[in-house]
Structure formats: C-alpha cells, structure tokens
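Me: I have a structure open and want to learn how to read it. Can we go through it feature by feature?

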Amino acid sequence: MRRILAGIVAVVVVATIIALVLWSGRSHRAIPATTDYGPASSAKAIAAPSASPPDDGNWTMPGKDYASTRFSGLKQITPANIGKLQVAFTFSTGTTEGFEAPPLVVDNTMYVVTPWPNNVFALDLTKPGAPTKWTYKPDTAAAAKGVACCGPVNRGIFYDSGKLFLNLLDGHTVALDAATGKEVWRTQVADIQKGETVTMAPLVADGKVLVGNSGGEMGVRGRLTALDEGSGKIAWIGYTTGPDTDVLIGPGYKPPYPKDSGKDLGVSTWPPGMWKIGGGSVWGWLSYDPKLKLVYYGTSNPGPWNSVQRPGDNKFTAGVFARDIDTGKVRWYYQSTPHDLYDHDDINEIVLADVPGPNGQRIPAMLRPSRNGFFYVQDRRTGRVLSAKPYSYINVYEGVDLKTGQLIRVPSMEPKEGVVLRNICPAAPGAKDWNPSAFSPVTGLVYIPHINLCEDMGISNANYIAGTPFVGADVKMYAGPGGNRGVFTAWDPVAQRKVFEIKEDLPLWSPALATAGNVVFYGTLDGWFKAIDAHTGKLLWRFKTASGIIGQPISYRGPDGRQYIAVASGVGGWAGAIVTADLDPSDPSGALGFVNAVKDLKNRVAAGGVVYVFALPQ
Amino acid sequence: MSSRFPNKLAAVALLALLCGCHRDQQQPRGQPLGETIPAAASPDTIFPGGATPAPLDPRAADYEHNAYAIAQGQQLFTWMNCVGCHAHGGGGMGPALMDGKWRYGGRIDQIASSIADGRPNGMPAWRGKLTNQQIWQLAAYVRSLSGQVRKDAVGARADTMSNTPPQTETIRKPVEPADSAQ
C-alpha cells in the first residue's frame, strides 16, 4: 500500500515538474521576437544599464562593453537575409599561432592584434580593401613561448581615449597612440623567468589599466595589477594569495558567506609557504560596474594540479573577486571551487545583467558560466549566489548549497597519489574554458560555446623549479557522454534552464557574438563560421574559413552604414596546440592531456591567422 | 629440491650478464662518463665548400644503450619538470620528442647540447643546474622516446599513469635531420 502511495506521489511530482517545464518553456516563447531591445519584459534579464550603453557601431573592447555582453545592437543582418552574407575583405596576419583576439573597430579604423609576437595592424575601413594605416611590431621575446602553458595566444587589445592598450606575451603592457601606432609607454607587469606571461586582454576604466598574469601551471603567484592610464605607472597590485595586506583585504571586505571570511586566509589555507607558488593567476575576463565602481574577475586554479600537495581551501584561487577600482581593495570574494582538484579555474567571463527579483524589482547581478559546470547568478553588490545550476554534464560535484555557498563534491572522485582516477567530468578545461559567451538583451539568453570532455587523471609529486611547469598530473581527455566534444547552449539565466543546445563534433574553443538582428555567431575548430537563429538555434548560414576558429567575432557599422561581422580564423590555443605545435597524437598525455581528445584535428585543419570580414551585398 | 638447480640458475644468470653487461653497466659513483657537454654538436646540416658533420662523440654509445643511464634520465625527465612541457614525448608547451623530427639535431650529443644551453624558443638552459652526466642521461632517455635505443635497455613498464604504452613497444622512428621540425 505504502509502495502504491509512493508511486502515486512520484507520478504526481513528475507530472507537476513536466507541466512546470512546459509552462515555463511556453512563457518564454511568448516573449515577442522584437528587434527593439528597449523595454525589457519583466521575465528576462537585461544588461546592466550603467555598463552597457546603446550601440554606437564601434567595438572598442573585447567584451563590447563593461558588462561583457558581446552583443551588437546592429540589426541589418537578420535570419531572413543572412543567406546573402558574403566576404567583404580578408586580412592575413602572417602568424601561425592560435588566434583568440577580436578585431576592434573605432571610428572607421580596424585594429588587429596577433598572437605572439603581438603585432598590431591598423586598417583603414574607408578605403577599398581596407589598406594598412600603420603596423606596430613590439619584438616580444621568443623565450616567452616556452612558458605559455596553452599556446602563445593574445585575447585582445582595448581602446580608450585615443590610445590602444596591449599586453605582450613576455610580460609587458604597452600603450599605443591609436592614430600613429607609436608607443606611448611600456611597463613590465610579469616575469617570464618565473613562468609568468600575459595572455589576457586588459580592461581600462576610470583612468586605470587592469592587467593580470598567466601561469597557473608554472607555480606563479597570481595577481591583478592596476596601471595609471596616462603614465603606465603601477597604481596598485592585488595578489590572489598571501597575507591580507597583499591581497588588499581590509575593513571594507564583506564576503557573502562565512567560509570566505577570516584573517590572512591567503596564507592559512595553504601548507606553509605554498601560497607563494600557488597559482591563482588572472588570465581571463574582467567586467566593470561604473555605478558601484567595482571591477569583477575570476582567479585561476591553484598550483600544482596535484591537490594532495596543497591541503586546504587554497584561497583566493578559483573564485571571484570584486575590487574597488580606485584602491584595489577587495569588497567581496566568493570561492566557486575551494581546493580545486581538477584544474577548474574560475576565470571565465562575467556578464553584468539585472535579473528580476521576487517583488518585481531588478537585482543587479552577474551571470557566470563557470568552468566547474555551474551557471552562477550572483548579486553583484554582495556576491551572494542567487542560483547555480549545471549547464553541462558533471559527475564530480553534486551541486552548490545556496545557504552556505559551498560547492558539494562527490567524495569518490577525489584524486589520490599513485591511483588513476577515471571518468572525471568535466575534464581539466572544465565544462567551458576561456572562450566567452554572449548575452542578448533581446532574448534574455546567454549563448554559451563550451565543451563536453571527460578525463582520466593520475597525480604525482610535482617539484617547484622557477620557470618550469608545476603540475604533477598525467591527464588523458576524451569525449563526454554522447560522444560530441563541443556544445553550444542557449541558457535562460532567469528560468535557470537550457533553451536549446547544438551538439558539435569538435570541442568549441570559439567565443560567441549575439546581435539585435537575432542572429548569433560562433566558429568551430575545423574552420566553419556559423550563424544561428537566436531563438531556436537553427543553423542559418555557414562559411568555411582557411583555418580553425578560436577568435572572438564582432559586429560593427562600416563607413557605408552597413553592418559588418568580423572574425579571425587561426587554429591553436590549448585545444588546437596539436596543430600549431605539431604535437604527436600517439602520446595521449600531450598538451596536458588535451591531445587525446583531438587526435583527428591535425588531419582536418592547418594553422594560419586570417581576419575575415562579412557583409550583406550593397 | 635438486642441488643442481642453483647451478643451472647461476649459469643462466652468468650468460645473461655476459650478453647484457654493457646494458647493465652503472656509474653511480667514481669517474662520470660524460664530464663535458660536446661543443661541436652543432645542429647544422649545411657546410659551405663541402664538409661532413663532426663525428659522433664516442661517449654517446655508453649512455644511449645503457639501461641505468636511460632509467636515470627517465626519472630526471619527471623530476626536472621536462614532462610538463614535452609530456611523455608527445609535447605541449615544448615540441614533441617522439616523432623523429628535430629542430636542433637528433644525435645524443646534439640533444645534450640543447639541454645544457637551451634553445631560443623557450627551452631553458640547464648547464650548471644539472651535472653533465645527468644531462647525458636525460639525452639518452629523450632518444629512447622515438625508439632510437636498444630495446633491452629501456623499461618494460610505463613509468606513467597508464597513459602511455611501455617503451619496449616504441616503434623506432627514422631520425630526420635538424630543421625537420621547423
């Protein structure tokens, strides 16, 4: 009898869930497919107004705006006419390393930055064929390539007030006169002798140029450096590890959960001295709220990957900082993945959006598809987690406790020395690596290009030798459930659910671009540049480029008033290292284990950085 | 137990020793074999006016067909974090070492020279950080990754987390000349 009752209850519960899902799906579809993204429906997220001004047709920073929406307000290109989209011009950059940077467009000039050696080209868009106005060659040290863990990539430059700000792989930040390409100042911000490089794109706001270091696999000490925009002088340095005075934690520090509260946690959550070589580098994306004056960014994995060597929470790695931009002081911090076991950095993009609250008000929030596989919606004033649902397949974490903010692990999936732990999902690059999502305020959806990889991992003792890898793990990655290595997911951050999903054969290493014309763009490792319908995910158009796409697509208004789409083709990065570095596929542990997951790539695509620009015919 | 059995065993062991004495030679102490890194191991393959590469350093054979040297080299390969860049031969931050392609020459003396003096695209210089003998041992192990050494001198068990097959199964790759990996 009890069993029957339980059965009935289960049936009712399941039916209710199905009904709820169907109902929420319907209510979502009921949102009119407007191309005017002005007044937002109360049921969806909108971009943070102070950080996302109306589109002026330029693209001045990698994230498009401080809210990191990667959304273009241009709407000339639509699902109805995209079939006619064609190449307007191309530009060869003469490089063969992985091309992750977006072109920028400012007042009819396009600026292109290459991977190492980090050359910059200015192209005149007012003339036919976009001839080169000037070229900047910084002579970046070749030795830096030997300490760049996952390809000598560059993730973009930043334009502000007549200057371009550029990070060089060999640890320098440079300001260029955007009109002439002449160097205005150059400051050293990282040291390759310690295994530090700079691959991230700087963020410039309120007179500060913010730059982080790479090297989470090299035993570096992670930090964010603020340079004075005018002079290049160091204004403040906020370390990821170490005493509170180094991390810039003071009386104004108010973490959302007790677990991140205490004195000198950057020292006490490590074995003695290990915080000095504990990683927590800052190689990903920064967002900025001009109203709150807070800069947001995530920190990398702790080092070494062998977690047995570093018992403790390893603060403040694999979490999110909110810092005051003037002083660098930490307002709050939230550790997404305490004592990371699998290289689950937390450096992914942070979209600043306002989400509907329980009483009809809007909550200033941040949207974070994290490497650990959870889609975090957090109050960006306090850091409190509003929701954290998995957007990808996970078997090493059970969930996130919203009361304590704690990530709940699956205890049996903890690596031990001398044992090979199999079927870890997601693998080291996480459910999603560096390649940023786009957020459309028209649909209210986040478009997440990501990966579906699992791995075997065996850990062993790592020795710290400055300037060499500090890893201590053998890894072998392979496709996750379903066999597709890449996924493109459209996620509703309010309903906390997937709206559609596109399975891709190869891991997706390309960022996404959303447009007001309701067309979303992304590329594949074997070189297809794709346009899909923002509401349904239907493939509308595709074009095969010369190499693989890991570059950030952008959209701008040309001098002729037309809408253009630009993207760099040029395989590489961690996922494409097998091609660019000519790795041997017979060793599954190559490129920290990624080689095994993309053994076929060498036969499908060749290296070479070319920028493609598309438009509708005149 | 038969009293003749130990004698038989001893005979077999003696035979094995005679066959493999070179393979098993160890120099844990005393005069190290390669006390210098060869300066003449230029990776170049082109000689104006016609010439041939310098002859192979005679010490090479003592290392690259010696089980002890290769085993020591394998251990150092992990301890010195070579594995972080070159993986177990497949490469990563650094080039693959198992494919028979060499930017700076694939002879053991050329490899020893690359380890000692570094190379300009990011290979660190280990001279003064490792002993010269250790550098020769590492070079011998690196040669074994593309199957260049005797099969009875390499380990029959993979020294990694079950990701790579044992080196006895490594197929010998033809050594391409320097610059082949450019």
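Me: How many helices and strands does the secondary structure of chain B come to?
Reply: Keep in mind that this is a predicted model. Chain B has six helices and zero strands. Along the sequence the pattern reads α-α-α-α-α-α.

Me: What share of the 182 residues in chain B is buried?
Reply: Burial is read by counting neighbours: a residue with 20 or more other C-beta atoms within 10 Å is buried. In chain B, 44% of the 182 residues are buried. Sequence separation is another thing to read. Take the contacts in chain B with a separation of 6 or more: 73% of them come from residues 24 or more positions apart.

Me: How many residues of α6(B) are buried?
Reply: Twelve of the 14 are buried, so the helix is largely enclosed by the rest of the structure. Among them are Trp136(B), Leu138(B), Tyr141(B) and Arg143(B).

Me: What do the buried residues of α6(B) pack against?
Reply: They pack against α2 (60-64), α3 (67-79) and α5 (108-117) of chain B. Just after α6(B), look at Gly147(B): its phi is positive, about 75 degrees.

Me: Which residues touch the most other members of the largest nonpolar core?
Reply: That core has 224 residues. Tyr111(A), Val120(A), Ile157(A), Ala353(A), Val520(A), Phe594(A) and Ala139(B) touch the most other members. The element that gives the most to this core is α6(B), with eight residues. Now pick Ala353(A). Beyond four places in sequence, its contacts include Ala45(A), Ile46(A), Leu367(A) and Phe439(A).

Me: How many residues of chain A are in contact with chain B?
Reply: In general, the size of an interface is often given as the accessible area lost when the parts come together. Here we count residues instead. On chain A, 30 residues are in contact with 28 residues of chain B. The chain A side divides into 16 nonpolar, eight polar and six charged residues.

Me: What pLDDT does chain A average?
Reply: Read pLDDT as the predictor's confidence in each residue, from 0 to 100. Chain A averages 94, and 93% of its residues score at least 70. Residues 16-40 of chain A are another matter: pLDDT stays under 50 there. For that stretch the model has 20 contacts beyond four places in sequence.

Me: Which peptide bonds are cis, and where is Pro117(A)?
Reply: Most residues other than glycine have a negative phi, and most peptide bonds are trans. A cis bond joins Trp116(A) and Pro117(A), with omega about 10 degrees. Pro117(A) sits in the loop between β5 (109-113) and β6 (120-124) of chain A. The bond from Lys315(A) to Phe316(A) is cis too, with omega near 5 degrees. Phe316(A) is in the loop between β17 (294-298) and β18 (319-324) of chain A.

Me: Asp264(A) has a positive phi. Is it buried, partly exposed or exposed?
Reply: Asp264(A) is partly exposed, because 16 other C-beta atoms lie within 10 Å. Its phi is near 50 degrees. It lies in the loop between α2 (244-247) and α3 (265-268) of chain A.
Asp343(A) also has a positive phi, about 70 degrees, and is not a glycine. Asp343(A) is buried, with 29 other C-beta atoms within 10 Å. Its place is the loop between β19 and β20 of chain A.

Me: Why does Ser336(A) count as buried?
Reply: Count the neighbours again. Ser336(A) counts as buried because 27 C-beta neighbours lie inside 10 Å. Ser336(A) is in the loop between β19 (330-335) and β20 (351-356) of chain A. Beyond four places in sequence, its contacts include Val320(A), Asp346(A), Tyr376(A) and Leu407(A).

Me: How do strands β24 and β25 of chain A run?
Reply: They run antiparallel, joined by three bridges. Gly399(A) stands opposite Ile408(A) in β25(A). The two strands form a hairpin with six residues between them. In the turn, Gly405(A) has a positive phi of about 80 degrees.

Note on methods: Residues numbered from 1 in each chain as written. Chains lettered and ligands numbered in written order. Predicted model: local features only at pLDDT ≥ 70, side-chain atom pairs only at ≥ 80, totals over all residues. Contact = placed C-beta atoms within 7 Å. Nonpolar A, V, L, I, M, F, W, Y, C, P; charged D, E, K, R; others polar. Helix = DSSP H or I, 4+ residues; strand = E, 2+ residues; numbered from the N terminus. Core = buried A, V, L, I, M, F, W, Y, C linked by C-beta atoms within 7 Å. Pairing = 2+ DSSP bridges.
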